[in-house]
Amino acid sequence: MDFRRSVPADATGIAELEDLIFPDAWSYRDVQDLICTEGGMCFTAIEDGKVVAYVIGRLIAPEGEIYRVAVAPKKRQRGIGYRLLDYAVKTSKGQGLERLFLEVRSRNIPAIKLYTAYGFKEIGIRKNYYKDPQDDAIVMLRAHSADMQF
């Protein structure tokens, strides 16, 4: 399995996983635009020539925001999401990343466990933030500090 910064050709695979996983899927065009935009924080895990996981977000140093972390359903529970997130964060540190935010559905326990294991801390809740289905958003932060290295 290879981890890399996403390239425009990855947009198709990312959009296909978006459609499979999320009710509010990003379009191919949205994904491609983010990959090609300065400040886009897009990383892909490739296995046998196919996109099996991705992290997409935005970096405006010193802050970054993760929009999505997704792993193909048949590839879950193998540590791919954690390793790709780690790769994305360490690569982005070189671009001035010091704080990283994200929002996660309060009922998405596997994602919350992933983010907590990676050092994210809950800093707030946005009530009824998500629709289809309705859910609260937990706002999380991972910040560079003496005891937490990126």
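Which residue in the turn of the E6 and E7 hairpin has a positive phi? Asp132 does, at about 55 degrees, and the hairpin leaves four residues between its two strands. Helices (H or I, at least four residues) and strands (E, at least two) are DSSP runs, numbered from the N terminus.

Residues are numbered from 1 along each chain as its sequence is written. This is a predicted model, where local features need pLDDT of at least 70, side-chain atom pairs count only at pLDDT 80 or more, and totals for chains, interfaces and linings use all residues.

| Strand pair | Sense | Bridges | Residues facing each other |
|---|---|---|---|
| E5 and E7 | antiparallel | seven bridges | Val104 and Ile138 |
| E6 and E7 | antiparallel | six bridges | Tyr130 and Asp135 |

Eight of the nine residues in E7 are buried (under 20% relative accessible area; exposed is over 50%, partly exposed in between, with a 1.4 Å probe and protein chains only).

Now to the interior. A nonpolar core is a set of buried Ala, Val, Leu, Ile, Met, Phe, Trp, Tyr and Cys residues joined through side-chain atoms within 4.5 Å. The largest has 27 residues, and Ile66, Leu85, Val104, Tyr115 and Phe120 touch the most other members. Helix H3 gives the largest share of this core, five residues.

Leaving aside neighbours within four places in sequence, Val104 is in contact (heavy atoms within 4.5 Å) with residues including Tyr115, Tyr130 and Ile138.

Finally, Glu16 of helix H1 counts as exposed because its relative accessibility is 53%.

Methods. Heavy atoms only, no water. Pairing = 2+ DSSP bridges.
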